[in-house]
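Please look over the structure below, and then work through the questions and answers that follow it.

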Amino acid sequence: MSAVLHCYTITKKLKEAIEKLNEENRETTIEEIDSLLEKRQQLLGTINPPFSAEEQSLGKQMITLNKEIDSNLLKLRAEVKRDMNNLNKKKESAQKYRNPFESMQYDGMFYDKKK
């Protein structure tokens, strides 16, 4: 199996993994996506010209698949970032609820005008 064909199959597996992603299996799917990306990155270093006509067509297909993968990964990153921000907000509000006077600031002073 040529390196281009092997890279193409990994790219297709990566696209399928991203498409099957949902809230229930998000963590395991992210781990799978990460391992596929690492394998593909290693293979990209082994691909060298000259390319046959079949390898060139596979390369063009990989480029279109990669554009879809990139957009889906950006969406996934935004979702994870949003979830992390929501979790931090929940932690802060729970902390404020447990101890509401912890974050109070004592800036002013009181002057007694009576002598």
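Q: What percentage of the 115 residues in the protein is made up of buried residues?
A: This is a predicted model, and a residue counts as buried when its relative accessible area is under 20%. By that cut-off, the buried share of the 115 residues in the protein is 19%.

Q: Is the protein spread out or compact when it is set against the globule rule?
A: The secondary structure comes to three helices and zero strands. For 115 residues the globule rule gives 13 Å, whereas the radius of gyration is 26 Å, well over that value, so compared with a compact globule the protein is more spread out.

Q: Which residue forms a salt bridge with Lys15 at 2.3 Å between the closest N and O atoms?
A: Side chains of opposite charge can pair when their charged atoms come close. At 2.3 Å between the closest N and O atoms, the residue paired with Lys15 is Glu19.

Q: How many residues apart in sequence are the parts that Glu68 and Lys15 tie together?
A: Glu68 also forms a salt bridge with Lys15, with 3.3 Å between their closest N and O atoms. Because Glu68 belongs to helix α3 (residues 53-98) and Lys15 to helix α1, the separation in sequence of the parts they tie together is 53 residues.

Technical notes:
Residues are numbered from 1 along each chain as its sequence is written. This is a predicted model: local features need pLDDT of at least 70, side-chain atom pairs count only at pLDDT 80 or more; totals for chains, interfaces and linings use all residues. Side-chain values use heavy atoms; hydrogens and water are left out. Helices (H or I, at least four residues) and strands (E, at least two) are DSSP runs, numbered from the N terminus. The radius of gyration is taken over C-alpha atoms; the globule rule is 2.2 Å times the number of residues to the power 0.38. Buried means under 20% relative accessible area, exposed over 50%, partly exposed in between (1.4 Å probe, protein chains only). A salt bridge is a side-chain nitrogen of Lys or Arg within 4 Å of a carboxyl oxygen of Asp or Glu.
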